[in-house]
Amino acid sequence: ALSCMVQAMAFAGEFEDLFLCLERLEVAYERYKSAGKVQPFVNGVAHCVVAMACWPAALLIVGEAEKARLKLSQVIQMAEETAHPPTLCVVLCTLCNEYFPLTGEVDMCQNAATQAIGISEQYDLAHGRNLAYRAQSWCQNMSEHFEMLRAGERGQDVRKHLHDAHNGRRSSTSEHPRLSRDNSWSGLNTSQNGSSSSLTSE
């Protein structure tokens with residue numbers, strides 16, 4: 001029940017109540033861990049751990065950047081300790097869609113998404129695969145925007161490119177001849193399908 005409340009409060013932006021529920025979830029997680037019991041599974045994942053994956057982004061939104069970074073490491077560690085790849089996949093998808101876009105860390109987001117795709121391909125997790133591809137799309141768009149700025153493109157052109165990308169459209173090659181227009185996923189490494197994450201919280 002707490003896990004469902006966490007998800008509802010996160011969507012509603014009720015952060016005070018959200019943090020109270022997350023703290024209670026963490027206590028429950030530690031009790032299961034110390035007792036050597038298996039975490040409760042809902043829809044094929046350790047739901048308690050998955051619910052806590054929203055914690056870093058929520059802390060960041062309320063201005064607690066240092067706490068958010070610490071919680072990022074803790075959440076990843078919890079997911080790894082489940083030794084359950086689908087749970088790790090969902091946690092990574094949450095982080096690369098909710099946390100890293102807020103921090104602007106394209107490389108970290110790309111790393112998380114790539115790992116999630118590897119796991120989702122191995123275990124046929126269509127929802128996780130879709131979320132990870134969406135995060136990779138954000139990474140590609142942001143990389144292109146930075147490249148446009150470095151190449152001296154006007155701010156209004158970069159904004160238009162961002163708007164088009166957000167709405168699922170791509171500017172033509174003729175509009176931005178300095179950019180490579182290869183938008184396929186074939187060049188991305190999706191071979192990492194293990195059950196541990198290489199993300200760090202430097």
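Which residues in α6 meet which residues in α7?

Modeller: Happy to! Please keep in mind that this is a predicted model. From α6, the residues involved are Pro85, Pro86, Leu88, Cys89, Leu92, Cys93, Cys96 and Phe100. In α7 they meet Met108, Cys109, Ala112, Ala113, Gln115, Ala116, Ile119, Ser120 and Tyr123. Sorted by class, the residues of this contact comprise 15 nonpolar and two polar ones, with no charged residue.

Now for the geometry. Two packed helices are described by the angle between their axes and by the distance between those axes. Helix α6 covers residues 85-103 and helix α7 covers residues 106-123; their axes come within 9 Å and cross at roughly 150°. Angles over 145 degrees count as roughly antiparallel, so α6 is roughly antiparallel to α7. The crossing of α6 and α7 is left-handed.

Helix α1 (residues 2-12) and helix α2 (residues 15-34) have axes that come within 9 Å and cross at roughly 155°. That angle therefore makes α1 roughly antiparallel to α2. The crossing of α1 and α2 is left-handed. On the α1 side the contact is made by Leu2, Ser3, Met5, Val6, Met9 and Ala10, and on the α2 side by Asp17, Leu18, Cys21, Leu22, Arg24 and Leu25. In this contact of α1 with α2, nine residues are nonpolar, one is polar and two are charged, whereas the contact of α6 with α7 has no charged residues.

Conventions
Residues are numbered from 1 along each chain as its sequence is written. This is a predicted model: local features need pLDDT of at least 70, side-chain atom pairs count only at pLDDT 80 or more; totals for chains, interfaces and linings use all residues. Side-chain values use heavy atoms; hydrogens and water are left out. Axes are lines fitted to C-alpha atoms, for helices over the stretch in contact, and angles run from 0 to 180 degrees between N-to-C directions. Helices (H or I, at least four residues) and strands (E, at least two) are DSSP runs, numbered from the N terminus. Angles under 35 degrees count as roughly parallel, over 145 as roughly antiparallel, 65 to 115 as roughly perpendicular and the rest as oblique. A crossing is left-handed if the near helix is turned anticlockwise from the far one by less than a right angle, and right-handed if clockwise. Contact means heavy atoms within 4.5 Å. Ala, Val, Leu, Ile, Met, Phe, Trp, Tyr, Cys and Pro count as nonpolar, Asp, Glu, Lys and Arg as charged, and the others, Gly among them, as polar.
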